[in-house]
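This report goes through one structure by topic, from chain layout to helix packing and the surroundings of the DNA. The sequence and coordinates come first.

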2 protein chains.
Amino acid sequence: MTELLSRTEEMILLGVIRLGNNAYGIAIREYLENVLGKSLSVGAIYVPLERLDKAGYLSSYAGEPTPERGGRSKRFYQITPRGLAALQETEKLHDTLWSGIGDLPRYQAGKA
Amino acid sequence: MTELLSRTEEMILLGVIRLGNNAYGIAIREYLENVLGKSLSVGAIYVPLERLDKAGYLSSYAGEPTPERGGRSKRFYQITPRGLAALQETEKLHDTLWSGIGDLPRYQAGKA
DNA sequence: GATTAGTTCTATTATATAGAATATATTTAT
DNA sequence: ATAAATATATTCTATATAATAGAACTAATC
């Protein structure tokens, strides 16, 4: 059994997949800021990103410098087989938890 | 905007919905032990449960003692409108993140 | 050397988890 | 009837892990 992913870990792994060959820290941050509709500190991305890398859910490699008005070169991330397995297991749990609840949970008025 | 739920919070809220009028600490724990396939400490349930109650995602009331071989009486939980809203928003984010990835994320062999 | 893009580092806060302690009920033995 | 034993459940406390913010730093182009 692979480990269950936290919400943040799941979001970052999905961001990496989504961004394909452009998955580096700042781009992941922008992507998640968009889907969440709020700003995120760089630490909120880089800390879990590094943890996922160390734990083998992601691999990374240094990018070449690109002439886009200077700046440090990027570190690109890719999901590993282990990362994919964890995502799939997390999704399976999600489906189990939501099955039969899915569409419209109704509110039951208070009993006490 | 309601706050985004953590994975644990989501699991507990869904457990409360699932268990209906039998949603108390130990039953929630058993339910989640089943879906997760591993044992959980009581703290792993009661600590976030109390937090969700304090934050208004759940409400609770003391149950009457039932003659089922003694023991302390139960505290039952119900989801609040706020809890439902948070669940729905969390689910909406999930759908956004997974849209177009859903079924079969493929592994791209390493580049470096 | 000024500016830009990006990452790394460090500190703080929030969450998750384990398990001991406690409370309160029924059952059993005397 | 009452005390001890047992069962069920919650509360409390301590620790480990994760999330977040933002300062510091690095490395490129202008």
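Among contacts in chain A between residues at least 6 apart in sequence, what percentage join residues at least 24 apart? The share is 51%. The model is a predicted one, and the values below are computed from it.

## Chain A layout

Chain A contains 4 helices and 2 strands. Read from the N terminus, its elements follow the order α-α-α-β-β-α. The chain has 112 residues, of which 26% are buried.

## Helix packing in chain A

Two packed helices are described by the angle between their axes and the distance between the axes. For α1(A) and α3(A), the angle is about 80° and the axes are 10 Å apart. Angles of 65 to 115 degrees count as roughly perpendicular, and α1(A) and α3(A) are therefore roughly perpendicular to each other.

On the α1(A) side, the contact consists of A:Thr8, A:Glu9, A:Ile12 and A:Leu13. On the α3(A) side, A:Pro48, A:Leu49 and A:Leu52 take part. Sorted by class, the residues of this contact are 5 nonpolar, 1 polar and 1 charged.

## Helix packing in chain B

In chain B, helix α1 covers residues 7-19, and its axis comes within 10 Å of that of α3(B). The two axes cross at roughly 80°, so α1(B) and α3(B) are roughly perpendicular to each other.

From α1(B), the residues making the contact are B:Thr8, B:Glu9, B:Ile12 and B:Leu13. From α3(B), they are B:Pro48, B:Leu49 and B:Leu52. The contact of α1(B) with α3(B) comprises 5 nonpolar residues, 1 polar and 1 charged.

## A:Met11

Is A:Met11 buried or exposed? A:Met11 has 22 C-beta neighbours inside 10 Å and therefore counts as buried, the cut-off for a buried residue being 20 or more. A:Met11 belongs to helix α1 of chain A.

When neighbours within four places in sequence are set aside, the contacts of A:Met11 are A:Leu32 and B:Leu97. A:Gly71 lies 60 residues from A:Met11 along the chain, and the C-alpha atoms of these two residues are separated by 26 Å.

## Surroundings of DNA strand C

By class, the surface near DNA strand C holds 13 nonpolar, 11 polar and 9 charged residues.

## Surroundings of DNA strand D

DNA strand D is surrounded by 33 residues. A:Ser6, A:Gly43, A:Gly70, B:Gly25 and B:Gly71 are the closest. In chain A, α1 (7-19) and α3 (43-54) each supply at least two residues of the surface near DNA strand D, as do α2 (25-36) and α3 (43-54) in chain B.

Which element gives the most to the surface near DNA strand D? That element is α3(A), which gives 5 residues. The residues of the surface near DNA strand D comprise 13 nonpolar, 11 polar and 9 charged.

Terms used. Residues are numbered from 1 along each chain as its sequence is written. Chains are lettered from A and ligands numbered from 1 in the order in which they are written. This is a predicted model: local features need pLDDT of at least 70, side-chain atom pairs count only at pLDDT 80 or more; totals for chains, interfaces and linings use all residues. A residue is near a molecule or strand if its C-beta atom, placed from the backbone, lies within 6 Å of it. Ala, Val, Leu, Ile, Met, Phe, Trp, Tyr, Cys and Pro count as nonpolar, Asp, Glu, Lys and Arg as charged, and the others, Gly among them, as polar. A residue is buried if 20 or more other C-beta atoms lie within 10 Å of its own, exposed if 12 or fewer, and partly exposed in between; C-beta atoms are placed from the backbone. Two residues are in contact if their C-beta atoms, placed from the backbone, lie within 7 Å. Axes are lines fitted to C-alpha atoms, for helices over the stretch in contact, and angles run from 0 to 180 degrees between N-to-C directions. Angles under 35 degrees count as roughly parallel, over 145 as roughly antiparallel, 65 to 115 as roughly perpendicular and the rest as oblique.
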